[in-house]
Amino acid sequence: MLMKKFCLYLLSIVSVISVLSPPVIAKEALEIRDAWIPLAPPVVKVMAGYLTIHNPTSTAIVIDKVTSTGFETVEMHETIEKDGMARMVKKNKMTVPAKSDVIFKRGGLHLMLINPKQSLKKGEKVTLSFSTNTGVVSVSAEVKEAAIEDHSHHHHNH
Amino acid sequence: MNSAPDKQPNTPNLPIIMIITGIVAMILGFVLWSYLKPYLEQGELTVEESLPKEIASAYIPKGRPLAGIRFTDHNKQPFTEKRFKGKWSFLFFGFTNCPDVCPTTLLVMKAVWARMPASAKQAPEPQMLFVSVDPDRDTPEILKSYTTYYHPEFLGVTAEHKFLDILTTQVGALYGYEDGETNNDNDYIVNHSGQVVLIDPQGNFRAVFSPPLIVDNIVKTFTAIREYHPGK
């Protein structure tokens, strides 16, 4: 009788735990896509990286570091206009809210890729690794020819 | 005066009347001239009221002659205000260690150049000048490599700060520096205005295109300005 009760308790505890655990056991990570680097003059020491970050989870995820195989240092910056001048504001952390996208694009958030290990040609790829509180997410970013389409200047997000 | 009017009431004294009329006319003329003088000097009566809508937001009716321009171009040749004469010039500001804003501006100007109609590009061709706001790091060699990458005909120009300031203050452009994260003296950020400035063939600061820089808007406005501006 005691054994039966004990087993019932054990069973209910295990059930409760297994119902609650999926968010912890399942891989809840940021999804990063469309990462690209505009081709730049070979002489430059600094390039930009643009991409879309999607958080499919129901909790905000924070990025606190970015590294790359192709560059000495990577920083996150935002281009803003203040007092009549364009400025870059460094972001030491980037919070991606639950079930949201954060987009890095021209005139806004961007990766600052500093000191390329070698000058990058069109079509070459580098790996970008984002350290977050739920783990590291790595993506491949391709160097592509850049051109202006006027629609890209109409920022709908900010 | 050879007679007193009140002693001969029946005969109008013509000389007196003429003199009085003359004096009154002179006074009236002086009053009218004083009132109109400021308007005539600024040409406002004839020019400002008729600015076409297409250029009104960018065109500066009383252009400002540029002076004291002492730059070096990316071929290491002197660039003074003489090189503004005889052609239109687009000026855009930036620096080569800029990852986002400057490449975007150069791509916009590259597209402006590509979409400019032949009528607006006719000889003499407008010159496209990339003005470095970071003379300490942007040497003529680096500037040449950077600027010609975006378009082989674009010209980079650089000047030490006291000469750079002479240009920026005359065209209302701003720039400033902020330290970077490291202790490295070479690590700093440059903040700067994003507007594109137009200089006319007489060497005057003549128009401003403010951000956001839209290619078709710049092309249309420049084409209209070129039609409108006297002494094209």
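1. The model under discussion is a predicted one.

2. Residues of both chains line the second largest cavity: A:Ala86, A:Arg87 and A:Met88 from chain A, with B:Phe95, B:Cys98, B:Val101, B:Ile189, B:Val190, B:Asn191 and B:His192 from chain B.

3. Which strand gives the most to this lining? The answer is S8(B), with 4 residues. Strand S8 (188-192) of chain B and strand S5 (85-91) of chain A each supply at least two residues of the lining of the second largest cavity.

4. By class, the lining of the second largest cavity comprises 7 nonpolar, 2 polar and 1 charged residues.

5. The largest cavity has a volume of about 110 Å³. Of the 18 residues in its lining, those closest to the centre are A:Pro38 and A:Ala40 of chain A, and B:Pro99, B:Pro103 and B:Tyr150 of chain B.

6. Which elements give two or more residues to the lining of the largest cavity? They are strand S2 (46-55) of chain A, and helix H3 (101-115) and helix H5 (140-150) of chain B. The largest share, 4 residues, comes from S2(A).

7. How does the lining of the largest cavity divide by class? It has 16 nonpolar residues, with 1 polar and 1 charged.

8. Finally, the whole structure was searched, and 4 cavities of 30 Å³ or more were found.

Technical notes:
Residues are numbered from 1 along each chain as its sequence is written. Chains are lettered from A and ligands numbered from 1 in the order in which they are written. This is a predicted model: local features need pLDDT of at least 70, side-chain atom pairs count only at pLDDT 80 or more; totals for chains, interfaces and linings use all residues. Side-chain values use heavy atoms; hydrogens and water are left out. On a 1 Å grid over the protein atoms alone, a cavity is a set of points where a 1.4 Å probe fits but cannot get out, and a pocket is an open set with protein on both sides within 12 Å along at least five of seven lines; lining residues have an atom within 4 Å of a point. Grid points are joined across faces, edges and corners, and a volume is the space filled by probe spheres set on the points. Ala, Val, Leu, Ile, Met, Phe, Trp, Tyr, Cys and Pro count as nonpolar, Asp, Glu, Lys and Arg as charged, and the others, Gly among them, as polar.
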